[in-house]
Amino acid sequence: MQMKGTQRINAAGHLEIGGCDTVELAREFGTPLYVLDEAQVRGLCREYLQQFGARYHHVMVAYAGKALLTKAICAIMESEGLHLDVCSAGELYTALDADFPPEHIKFHGNMKLAEELQMCIDNHVGLIVADSLPELGDINELGAGNGTVVDIAIRVSPGIKAQTHTYTQTGRLDSKFGLGVEYGAAMAGIVAASEMPHLALRGIHCHIGSPIFALESYERAVEIMVDLVADAREQHGIELADLNLGGGLGIRYTHEDAPPSIEHFAERLCGAVLRRCEERGIDPPTLTLEPGRSLVGEAGTTLYTIGVIKDIPGVRTYVAVDGGLSDNPRPALYGAQYEAIIANKANEPASRAVRVAGRHCEADTLISDTTVQEPECGDILAVFATGAYNYSMASNYNRFPRPAMVLVNDGEAELITERETLADLVRQDLVPERLRAQREVAEAE
Ligand code: LLP
């Protein structure tokens, strides 16, 4: 097991993250527990800014909040000088409630609600990334109604099939996202937007999918996107000042994953943009990136308590933990793979082949095949690389309360999301009077 960020094995032989003993974290905060390594998140933010900044004249990094968003995360991203990409009223509300500077927020979505667009305008959100031709008209009208000019970018579908799960190949021709380059919609949108008096067209955006391990897909997207910038200028005299290439960089979920480093990513991406701009004879636009997973994914670890161990002779050993599908739906949704260790036996050999199962009422496989230390009931299992798209995709399936999240740094652990309570689960429930009356009648009989 390769340790990441501030992870190490302490003198007690326990897994430690951010200077905190994870076995003690489990005892203090309960399990399942999301643990986030603050130093690792901050280090990666700085790495992005530094590696891209060293190679490109003007780079903006906007954290994609869909990976993991809480008010404390907003504060961390703001303090690191990152901008924020949000894609719903809920994410926007979180950011505004955390006092994230609205001018540094970009609002995305393939089907934004009228209320969401109005919320963006009322709160002076920095940029709306428009996703369709009708939406351009809607935003223009809203701008007119509010006596303002709205800064927008246009989401473009570059027609690339990135090598990733088909559910997350978001930049290919057959996609609900953006305006296609191949069939002329992207240029039509650019021209239409630049003619609308209440829109200020700042640039174009694409996101080709995630997680991506092969950088060739990005290089192809860059050529198509830079060509669009150059064509808009040559054919229509339209300047597109910002080129947003989205997020998508893969992370190391297991020892078999070999994602490109941020340095390598920056080198290839900046190189491709600069090269194509030179070939097309245009000044390089400003560059925006929207990483989510690669900033928070590996910084997250989920702690579970092992409850039941079942040996099925000749088949396998099942290790059941006190969470699963509701705190991490990714194995079920995408066949995602994870690795784990037993946190209280971190320096013992991992020689026992097991399947880790959750406790939801279906197969609920968290890790289909892995080797861990000899498991016993009550042990703490730490599953790595759960920082992205775990809490943000968590549900109350089987009416499980969602876990708490602690931020660890320099030996301190602070709650940043409280554990949901059983009372939270019924807070929204209503019982029509008719049903109560029915019970009273039944009881009277
Ligand atoms: N920008 C846009 C417009 C996006 O749609 C996304 C992700 C990102 C940026 C950030 O991508 P990242 O750097 O995090 O890969 N639930 C899936 C991932 C869906 C990603 C959707 N869009 C999963 O758990 O793998």
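This is a predicted model: local features need pLDDT of at least 70, side-chain atom pairs count only at pLDDT 80 or more; totals for chains, interfaces and linings use all residues.
Where is Arg 399 found? Select Arg 399: this residue is found in the loop between β19 and β20.

Residues are numbered from 1 along each chain as its sequence is written, and side-chain values use heavy atoms, with hydrogens and water left out.

Stay on Arg 399 and look at the backbone. Its phi is positive, about 55°, although Arg 399 is not a glycine. Most residues other than glycine have a negative phi, and most peptide bonds are trans. Arg 399 has a relative accessible area of 44%, so it counts as partly exposed (between buried, under 20%, and exposed, over 50%; 1.4 Å probe, protein chains only).

Next, select Ala 385, in the loop between β19 (380–384) and β20 (404–409). Ala 385, a residue other than glycine, also has a positive phi, near 60°. Ala 385 counts as buried because its relative accessibility is 1%.

Now go to the cis peptide bonds. Select Thr 31 and Pro 32: the bond from Thr 31 to Pro 32 is cis, with omega near -10°. Pro 32 sits in the loop between α1 (22–29) and β4 (33–37).

Finally, select Ser 210 and Pro 211. The peptide bond from Ser 210 to Pro 211 is cis as well, and its omega is near 0°. Around it, the loop that holds Pro 211 runs between β11 (199–205) and α8 (216–236).

Methods:
Helices (H or I, at least four residues) and strands (E, at least two) are DSSP runs, numbered from the N terminus.
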